[in-house]
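Subject: Structure handover

Dear colleague,

Here is the structure you asked for. My notes follow below it.

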Amino acid sequence: MIVKHTIWQARNENDTVRLARSLAGWASAETLLALDGELGAGKTRFSQAFAEALGVQTVVNSPTFTIIKEYQGERLPFYHMDVYRLSMAEADELGLDDYFYGDGVTIVEWASLIEPLLPPERLEMRILHAADGGRRIELTGRGARYADWCAQLEEMGAENA
Ligand SMILES: Nc1ncnc2c1ncn2[C@@H]1O[C@H](COP(=O)(O)OP(=O)(O)OP(=O)(O)O)[C@@H](O)[C@H]1O
Ligand SMILES: [Mg+2]
């Protein structure tokens, strides 16, 4: 499988929003964004910007206690998950494939905790605090489609540098 890495420097929230808008524009059914990063890194903030770009009209907040929230975007359903509190066994029983291979786009916060349950083709995003107070977002596109997204983001980032 083709795998491509790139880095998106988000000096401020607006840079995170720009990334979310691009990805939302490319998303389709079965798109999977697998997010990781420590508490407060910005996983939920990114998800909110992504939902807004999809045209979700309701407020998107942290699904930590509900595990999975479903929203309706203008052209796609949006499934927002936070698996921080789940064991692998619990996650396995949720039947997540119904979401991953369903009609919508899925974001999983703390995705690496359930790595064996994730489809092999996905966009991984690790959000790290940067020294300047911004965020360093390390992206790994697994599969041709997501690898191509990484290549496009790299061009956008270079233009913006
Ligand atoms: N460049 C940036 N990108 C995203 N968030 C940022 C950025 N700069 C500052 N922030 C702030 O960082 C905070 C990130 O909180 P958020 O709830 O999104 O983190 P999280 O990774 O989802 O944490 P948790 O693991 O607790 O769910 C928000 O208050 C947001 O406003
Ligand atoms: Mg969160």
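**Charges and overall form**

The 15 positive and 25 negative charges of the protein chain have mean positions that lie 6 Å apart. Here Lys and Arg count as positive and Asp and Glu as negative, with His and the chain ends not counted; each charge is placed at NZ of Lys, CZ of Arg, CG of Asp or CD of Glu.

This is a predicted model, so local features need pLDDT of at least 70 and side-chain atom pairs count only at pLDDT 80 or more, while totals for chains, interfaces and linings use all residues; side-chain values use heavy atoms, with hydrogens and water left out. Residues are numbered from 1 along each chain as its sequence is written, and chains are lettered from A and ligands numbered from 1 in the order in which they are written.

The protein chain has 5 helices and 7 strands, taken as DSSP runs numbered from the N terminus (helices H or I, at least four residues; strands E, at least two). Their order along the sequence is β-α-β-α-β-β-α-α-β-β-β-α.

The C-alpha trace spans about 45 × 35 × 30 Å along its principal axes. The radius of gyration of the protein chain is 15 Å, which agrees with the value near 15 Å for a compact globule of 161 residues; it is taken over C-alpha atoms, and the globule rule is 2.2 Å times the number of residues to the power 0.38.

Of the 161 residues, 49% count as buried. Buried means under 20% relative accessible area, exposed over 50%, and partly exposed in between (1.4 Å probe, protein chains only). The accessible surface of the protein chain is about 8000 Å², and 48% of that belongs to carbon and sulfur atoms; areas come from the Shrake-Rupley method with a 1.4 Å probe, and for residues only the protein chains shown count as cover.

Among contacts (heavy atoms within 4.5 Å) between residues at least 6 apart in sequence, 64% join residues at least 24 apart.

Thr44 belongs to helix α2 (residues 43–54) and Glu109 to strand β5 (residues 105–109), so the pair ties together parts that are 65 residues apart in sequence. Thr44 is buried at a relative accessible area of 18%, and Glu109 is buried at 2%.

**Individual residues**

Leu19, in helix α1, is buried with a relative accessible area of 0%. Not counting residues up to four places away in sequence, Leu19 touches Trp8, Phe46, Met125, Ile137 and Leu153. Trp8 is 11 residues from Leu19 in sequence and 7.9 Å away, C-alpha to C-alpha.

Two residues other than glycine have a positive phi. Glu30 has a phi of about 75°; it is found in the loop between α1 (13–26) and β2 (32–36) and is partly exposed at 40% relative accessibility. Ile67 has a phi near 70°; it lies in the loop between α2 and β3 (68–72) and is buried at 15%.

Val59 is also in the loop between α2 and β3, and is exposed with a relative accessible area of 68%. Val59 and Tyr71 are 12 residues apart in sequence, with their C-alpha atoms 9.4 Å apart.

Regards
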